[in-house]
Amino acid sequence: MEAIPLEIRHLRYFTAVAEHLHFGHAARELNISQPPLSQQIRELEEELGTQLLWRNKRRVELTDAGRVFLQETKLILEQTSHAIRAVQRTSCGEIGRLTVGFVMSATCSVLPAILRSFRKHYPGVELDLKESTTGGGIAALKEKKMHLCFLRLPVRDEALESETLLTERLLLAMPRNHRLADKANVSLPSLAEEGFIIFPRSDGSGFHDQILSACHQAGFSPKVVQEASQMQTILSLVAAGIGVSLVPESVRALRRDGIRYKSLRDGGPETGIALTWLKGPTSPIVDRFIEQAKLRQ
């Protein structure tokens, strides 16, 4: 059967007449004059090869074919309206799917408040959250497997843009029964003989190098006894007495048994959390998330 070249306006015109059963009333609703409306309905009937409306000078009635066509036409117009609204909301960043990565330590600081705010303002956006390391997050962003990622500073990659959301000091995490556990604060040089647990360079070169640099400036090279990619694992190893570690201040919120946190004398180095994305044009949905993240700083 040959396809009928109908247009949405034909369906709108027919639906208005079929619901009013009056050409004059339908014309006023459509904001057109009555003669062109009558002509459009005649053309529609010719295209379909059947009469949809029975009319005389006194009244207009639907034929059997017209009643069936009205039911189908309403479905088409509703679906068209839904599609238009969906496209408009997508173009405004109100609906869609967003893949967001995060390092575990972000859950102790900025991540929960930003997610709550974004879900409140954009409930139509589906968030796909993926825990990652800084190195893994950078790779996923560059491979376009993530739209955004909360990463541990410093982030050094010219392919990425970032917004710093949190700046914090590094603390010393030590076993509860450590020889320095009773000190109010600890100097880095006093840790020269300690075994250190640190992040692998492959999982976050900036943070890894920052810790090594801080130790070198204090006059020693840290004796690395263990590397671990996850903050929870590092803290577990510290609690087990394997060594000490320099960790972000926000991880205090984890309240792990068997660990003491000590401030570093003279303040110690700074780190932080940044929301990071690939340089270049961004989608409206990504822009909306970045806006919410900036507001929650």
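These legends walk you through a few views of one protein chain.

The model is predicted, so local features need pLDDT of at least 70 and side-chain atom pairs count only at pLDDT 80 or more, while totals for chains, interfaces and linings use all residues. Residues are numbered from 1 along each chain as its sequence is written, and side-chain values use heavy atoms, leaving out hydrogens and water.

**View 1. The whole chain and its outline.** Look for nine helices and 12 strands in the protein chain; helices (H or I, at least four residues) and strands (E, at least two) are DSSP runs, numbered from the N terminus. The radius of gyration, 32 Å, is well over the 19 Å that the globule rule gives for 297 residues, so the chain is more spread out than a compact globule. Here the radius is taken over C-alpha atoms, and the rule is 2.2 Å times the number of residues to the power 0.38. Along the principal axes, the C-alpha atoms fill a box of roughly 105 × 30 × 30 Å.

**View 2. Where helix α2 meets helix α3.** Helix α2 (residues 23–30) packs against helix α3 (residues 34–48) at an angle of about 105°, and their axes lie 9 Å apart. That makes α2 roughly perpendicular to α3 (a term for angles of 65 to 115 degrees).

**View 3. The residues between the two helices.** From α2 come Phe23, Gly24, Ala26, Ala27 and Leu30, which meet Gln34, Leu37, Ser38 and Ile41 of α3; contact means heavy atoms within 4.5 Å. The residues of this contact divide into six nonpolar, three polar and no charged.

Definitions and conventions. Axes fitted to C-alpha atoms, helices over the stretch in contact; angles between N-to-C directions. Parallel < 35°, antiparallel > 145°, perpendicular 65-115°, else oblique. Nonpolar A, V, L, I, M, F, W, Y, C, P; charged D, E, K, R; others polar.
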